[in-house]
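Reader: I am new to protein models and would like to learn how to read one step by step. Could you take me through the one shown here?

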Amino acid sequence: MLRAIIPALAMSLILPSIAESAEERAVGADARTSLGLVIYGGGFAMVRDQRKVDLAEGNNRIALTDVSRSMDQASTILRAENATVTAQLFDFDILTPDRLLAASVGQDVTIISTHPQTGVETLRRARVLSVSGGPVLQIDGRIETGIPGRLAFDALPPGVRSAPSMVADIQTETPGERVLDLAYLTDNLDWQADYVAEIAPDGSSLRLESWATLTNRTDIDFTNANISLVSGQVNRQPTRQPKAAPMLMRSEAMAVSDSAGGAPVREGLGDYHLYRLKTPVTLSQRESRKIALFSPAAVQSSRTYLFRGGQHYYGGRSGEQQLNAAIEIHFVNDPKAGLGEPLPGGTVRLYQRDSTGTPVFIGEDSIARTPENQEVRLNIGQAFDVTATRRQTDYDRRKDSIGTVTTTEHEIVVANAREDAVTVRIEERLYGDWEILSSSAEYEKLDAFRLAWDVTVPAGGETTLSWKARIR
């Protein structure tokens, strides 16, 4: 009798808890009340997603769908007023044919076969016995491998989801409508700065536009999101995240006055800069979208022709070399020059109008994050009409009581085929304990290894610079 009573008593204690177990309810993006994104330049973002839901007294199992598959699971914060989150489950293995078949093991499905001549379809019921190593089906009392046709399922099996979901158990003693506040970090959201500069023919000024290119590789849409962009290097520890789907890029340039509501509002965020967009933006999955970062600026600039040498010229004998000057555009990021904005790192693309007024691409370079009052230097290519011939005119290497001493002489003949005179900068990099024994022009010592000359080359003419160095 005791053997019969004890199991019955135990079952009576278990059944109420099973009965009280909440049925899962899906809460999708249609229940969303607000959405915010803080996007960082390192390829990740913080998502804040608020949704409205009715909670019953006791335990509620809520499946929040339409969350990022690239969510950092350890970063999630889920809160609701007068409620307690007791458990969380992350399910990012979304619906696929293989998973659908595997979840149907032990269930009946419909096989649809099409006659190859008549096109008539035949429907048969089958039971899925196994999928290990391939499908095993029971059809009309026979055990068969393979699928003789296509499969139709009566419904989604339990636990199979059509979208990535975060499932939470939420306990409350006061039923009613709540706003669930979900915050998490996600990979595969990124932004970068891109600049467009139209330069005057003489290089004395340029018109600078700045764009923020936002890229979404998370496989979900962020509709009407309040977006902020953080400029600065934020440290993160590496995490193992699900892979993103291949990107099908769709670029869209948004006019500031039409779509972005004006330039973003910039504010300090500790040691970083934050750009807050004034109006909500929809960033669809697998999409790249451009937003104007700040208003176009007229900036004073200058152009330099540069020949830069290296240490290898001084370690031994070297032959004659033909060189083209590098073209550098530089400006100071300050209000006096017409700018004075913290510049996020990115790519600057330069254009110049031809005689018909058509902008023509003339080069590009990347810039690092540039605070106010610092100089920006852009190497945009090599000049066609400003060239040089470099040669070593003497070389001696010997040892003394202290060590090895190298004496080397060089000259560089700069030619200018342009119709106007140009100033050319020649930079050299030496090594060891060095000194210039003689020079045909004054030079500037830049640091312990570098020195530079600025020489003027007349229109259609040449200028020769020579120097002698001793290196210990």
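**Reading the fold**

Author: Let us begin with the chain as a whole: of its 472 residues, 39% are buried, where buried means under 20% relative accessible area, exposed means over 50%, and partly exposed lies in between (1.4 Å probe, protein chains only). This is a predicted model, in which local features need pLDDT of at least 70 and side-chain atom pairs count only at pLDDT 80 or more, while totals for chains, interfaces and linings use all residues. Residues are numbered from 1 along each chain as its sequence is written, and side-chain values use heavy atoms, with hydrogens and water left out.

Reader: How many helices and strands are there in the protein chain?

Author: Helices (H or I, at least four residues) and strands (E, at least two) are DSSP runs, numbered from the N terminus. The protein chain has 3 helices and 32 strands. Among its contacts with a separation of 6 or more, 72% are between residues 24 or more positions apart, a contact being heavy atoms within 4.5 Å.

Reader: How should I read the pairing of strands, and which strands pair with S2?

Author: Strands of a sheet pair through backbone hydrogen bonds, either parallel or antiparallel. Here two strands are said to pair if DSSP finds at least two bridges between them. Strand S2 (residues 32-40) pairs with strand S3 (residues 44-55) in the antiparallel sense over 8 bridges, and Leu 35 has Asp 49 in S3 as its bridge partner. These two strands form a hairpin with 3 residues between them, and Gly 43 in the turn has a positive phi of about 90°. S2 is also joined to strand S16 (residues 222-231) by 5 bridges, this time running parallel, with Leu 37 opposite Ile 227 in S16.

Reader: In what order do the strands of the open sheet with 9 strands follow one another?

Author: The order is S29-S32-S27-S26-S23-S22-S28-S31-S30, and the pairing is mixed. Strand S29 (434-439) and strand S30 (444-445) stand at the edges with a single partner strand each, so one side of each has no neighbour in the sheet. S29 runs antiparallel to strand S32 (residues 462-471), to which 5 bridges join it; within this pairing, Ser 438 has Lys 468 as its bridge partner.

Reader: Which residues touch the most other members of the largest nonpolar core?

Author: In soluble globular proteins, nonpolar side chains tend to be buried together. A nonpolar core is defined as a set of buried Ala, Val, Leu, Ile, Met, Phe, Trp, Tyr and Cys residues joined through side-chain atoms within 4.5 Å. The largest one here has 81 residues, and Leu 229 and Val 424 touch the most other members. Leaving aside residues up to four places away in sequence, Val 424 touches Tyr 305, Phe 307, Val 386, Val 414, Trp 453, Asp 454, Val 455 and Val 457. There is also a second, separate core of 7 residues, which includes Leu 101, Val 128, Leu 137 and Ile 139.

Reader: How many salt bridges does a search of the whole structure find, and which parts does the pair Asp 400 and Arg 472 tie together?

Author: A salt bridge is a side-chain nitrogen of Lys or Arg within 4 Å of a carboxyl oxygen of Asp or Glu, and the search finds 35 of them. In the salt bridge between Asp 400 and Arg 472, the closest N and O atoms are 2.7 Å apart. Asp 400 lies in the loop between strand S26 (375-399) and strand S27 (404-416), and Arg 472 in the segment after S32, so the pair ties together parts that are 72 residues apart in sequence. Asp 400 is partly exposed at 35% relative accessible area, and Arg 472 is partly exposed at 38%.

Reader: Where do Glu 409 and Lys 468 lie?

Author: Their side chains meet in a salt bridge (4.0 Å, N to O). Glu 409 lies in strand S27 and Lys 468 in strand S32, so this pair ties together parts that are 59 residues apart in sequence.

Reader: Is Asn 216 buried or exposed?

Author: Asn 216, found in strand S15 (residues 205-216), is buried, with 0% relative accessibility. Its side chain reaches the backbone oxygen of Leu 283 at 3.2 Å and the backbone oxygen of Ser 284 at 3.0 Å.

Definitions and conventions. A polar contact is a pair of N or O atoms within 3.5 Å; within protein, one must be able to donate a hydrogen and the other to accept it, and residues adjacent in sequence count only if both atoms are side-chain atoms.
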